[in-house]
Amino acid sequence: MASTAKTNGSSYAAAEGSNGTSHTIQSHPRHAYAKAILGKELFGKIASSRILVVGAGGIGCELLKNLVLVGFGHVEVIDLDTIDLSNLNRQFLFQKVHIGKPKSLVAAGTALQFNPLIDIKPHHSNVKDTSQFGWEYFEQFDVVCNALDNLDARRWVNKMCIMTGVPLVESGTTGFLGQVQPIARGTSECYDCVTKPTPKTYPVCTIRSTPSTPIHCIVWAKTYLFPQLFGAEEESEDAELDKALQDGENADEVANLRREAREMRALRDSIFQTINTAEQEEDDLSKRVFNKVFKADVERLLSMEDMWRKRTKPVPLDFDAASQQVINGDAASQNGNGAAAPPSLRDQRVLSLQETVGLFDQSLNRLAKRARDLDSLKKESLSFDKDDIDAMDFVTATANLRSRIYHIAPQSRFQVKEMAGNIIPAIASTNAIIAGAQVLQTLHALRRKWSDARFVSLNRTNASRLISSTPLEKPNAGCGVCQDDYVRAKVDIDRTTLADVKEAVLQSREEGGLGFEVEGMELYEGARLLADEDFDDNLPRTLASLGITLGMMITCADENGIKANVNIYMSARSSGDAEKVDFGDVNKLPVLRAKPTLKRPHPDSDDSDDVVEEVQAPEGSSSAPKRKREDEEASAEQKKVHANGDSNKRAKVTPHTGAREEEAIELD
Ligand SMILES: Nc1ncnc2c1ncn2[C@@H]1O[C@H](COP(=O)(O)OP(=O)(O)OP(=O)(O)O)[C@@H](O)[C@H]1O
Ligand SMILES: [Zn+2]
């Protein structure tokens, strides 16, 4: 390997062929076949192209390997994660010695060994970090390839690509299924044009009071008990219980759950108290938590007799009894079929009750210590992660204890991990096929040959046709991402005021403005209203004082729904610049569009609080639906961002960051 740059962001590059002679990608004999197959012109494009790969996991490793072997000259790869043992069965750029190291750096280093002629630059970071990966960063690429595993990051990259006009080749696999979707702004559907399936949810009372399957107990352990004991303080469940009441769930049960939650908060507080080791030994935290959660709470539920008329009653457990006694001959370790299992398959056998209590005791104390340490260092609190051994031990133990109480078959740690992590086994060959198809689509994207580009799907469960491909669909006129317009403005967030922005937006193109000529203009940051015709309190304030930083966007919406939304991306302006808001060469700004007549929720919106309304627009127009200003009169005050800096930003809705936590069974 000719270069061994090791720091984040530095290039791994080599200009020397493996035989020591100087070669370029174009001239090196190793690329003779690729050149012959692809043709001189396309191969030349490939060699000089700049490709961004987001994600260096299952698909990402395959993709990087393919890209460097084909001869893509400049590749950057972003991944926020480090290598885990469980990645090694399919992420072939990694070996055991790499465990714990950043995926991006190792992937880049290994890929370079396959082709030392290319230039490959790794970033061990989150792609959502706009200070590194903003508009200017994205626009330097010819094509972006996604190899991600979550909706949130996929939607983020989609938006960055739509904003900057850089083609995106999206990909995903789940078990034997996979797909590749080329995305070209204005020509094809974007990732957000089609609403993605929402994750499976369970009624609160099933999870909290009347579980009947292992998954109910696992969801309870992972999403309720774990965050209640170790999570961030604000993770309050009041809102969830309010919603359960609204959804018509049993009022007595909900009141009971509220009482339990108060007690749980007291327990949680005691975990976070700083205590010395001697006190810790005295304090029987495990027993206190156990007897509240598995005894007192269950006894209280039992007292609600109506609940158990048609259900088998749960049987409370007692810490001392469960940890010391062999209940019903339960001490024997068993695998799922009841036969003794070899000790090496620890994860695959169902633990006895005694063992489960032991696992509960150890994992609880380990997590309590970690939670306390994080708290004292003012660091982020614990959150469930299937690859965190303590968290998985805790969820396995508590889910199985609950299962025993409710006469549900306990599960092995392996099975719990599968369910808790929403894991559909990742299959190396599926990733390989999809990464191959992704490179082919990248070639079309590179040439901007959208008529040749295809949406590719792989379905290995259907034997008649494994791979099918269809021409790209047209953009959805109701999409709230690709039907908006995007412009970049250079501002000084500490000096530029909201009034400056408003003025520049309204100003004509001849005067250097955006020319967003509308009668009633609304300015938003995400779903937060910053100003409209009746509300101008924020106009004199600087962008910084309104909480707007570089990399964020201000959305200009037309109150009358004639024009499509325009999102203004905040970019840094040098201090010497005269303009307060500089749109650059206004002749290069997009022609602002009109709105569509469609009724469709903004994909970023939370159904409960971000509403859309039907808007009439001139024929042939297309744009995103307008965000409705709730009840204009009644909530006008609430919507305003007050001078003291408080904002009423509606919870969970941050359309321009795409930052909405979702839990779903997602594509790999
Ligand atoms: N916001 C993000 N920024 C950068 N990289 C991301 C982001 N979100 C996800 N990734 C990366 O995308 C990759 C997806 O790969 P993959 O689906 O194989 O997941 P994995 O974490 O390696 O495997 P598994 O989830 O099965 O353990 C991961 O390496 C992950 O770190
Ligand atoms: Zn779209």
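Reader: What makes Ser212 partly exposed?

Author: Ser212 has 13 C-beta neighbours inside 10 Å, so it counts as partly exposed. The rule: a residue is buried with 20 or more other C-beta atoms within 10 Å of its own, exposed with 12 or fewer, and partly exposed in between, with C-beta atoms placed from the backbone. Ser212 lies in the loop between α7 (204-208) and α8.

Reader: What kind of model is this, and how do the numbers and letters work?

Author: This is a predicted model, in which local features need pLDDT of at least 70, side-chain atom pairs count only at pLDDT 80 or more, and totals for chains, interfaces and linings use all residues. Residues are numbered from 1 along each chain as its sequence is written, while chains are lettered from A and ligands numbered from 1 in the order in which they are written.

Reader: How far is Ser212 from Ile408?

Author: Their C-alpha atoms are separated by 6.6 Å. Along the chain, Ser212 and Ile408 are 196 residues apart.

Reader: What is counted as a helix or a strand, and how many are there?

Author: Both are DSSP runs, numbered from the N terminus: helices are H or I with at least four residues, strands are E with at least two. The protein chain comes to 19 helices and 16 strands. Buried residues make up 41% of its 668 residues.

Reader: Why is His407 called exposed?

Author: His407 has 12 C-beta neighbours inside 10 Å, so it counts as exposed. His407 sits in the loop between α15 (389-405) and α16 (413-420). Its phi is near 60°, a positive value in a residue other than glycine.

Reader: Which label does Arg448 get, and why?

Author: Arg448 has 13 other C-beta atoms within 10 Å, so it is partly exposed. Arg448 is placed in the loop between α17 (428-447) and β10. Phi is positive here too, near 55°, and Arg448 is not glycine.

Reader: How do you know that the length of α15 fits a helix?

Author: The expected span is 1.5 Å times one less than the number of residues. For the 17 residues of α15 that should give 24 Å, and the end C-alpha atoms are 24 Å apart, so the two agree.

Reader: Is α15 mostly covered or mostly exposed?

Author: Mostly covered: 14 of the 17 residues in α15 are buried.

Reader: Why are α8 and α16 called roughly perpendicular?

Author: Their axes cross at roughly 70° and come within 10 Å. Axes are lines fitted to C-alpha atoms, for helices over the stretch in contact, and angles run from 0 to 180 degrees between N-to-C directions. Angles under 35 degrees count as roughly parallel, over 145 as roughly antiparallel, 65 to 115 as roughly perpendicular and the rest as oblique. Therefore α8 and α16 are roughly perpendicular to each other.

Reader: Which residues meet there?

Author: From α8 (residues 214-230) come Pro214, Ile215, Ile218 and Lys222. They meet Val416, Met419 and Ala420 in α16. These divide into six nonpolar, no polar and one charged. Here Ala, Val, Leu, Ile, Met, Phe, Trp, Tyr, Cys and Pro count as nonpolar, Asp, Glu, Lys and Arg as charged, and the others, Gly among them, as polar.

Reader: What does Phe114 touch?

Author: Leaving aside neighbours within four places in sequence, Phe114 is in contact with Lys65, Val68 and Leu69. Contact means that the two C-beta atoms, placed from the backbone, lie within 7 Å. Phe114 lies in helix α4 (residues 103-114). It has 14 C-beta neighbours inside 10 Å, so it counts as partly exposed.

Reader: What makes two strands a pair?

Author: DSSP must find at least two bridges between them. Seven bridges join β12 to β16 (residues 566-572), and the two run parallel. One partner of Asp485 is Val566 in β16. Four bridges join β7 (residues 177-183) to β10 (residues 454-459), which run antiparallel.

Reader: Why do β12 and β14 count as edges?

Author: The open sheet has five strands in the order β12-β16-β15-β13-β14, with mixed pairing. β12 (485-491) and β14 (528-531) each have a single partner strand, so one side of each is left without a neighbour in the sheet. The twist averages 35° from one strand to the next.
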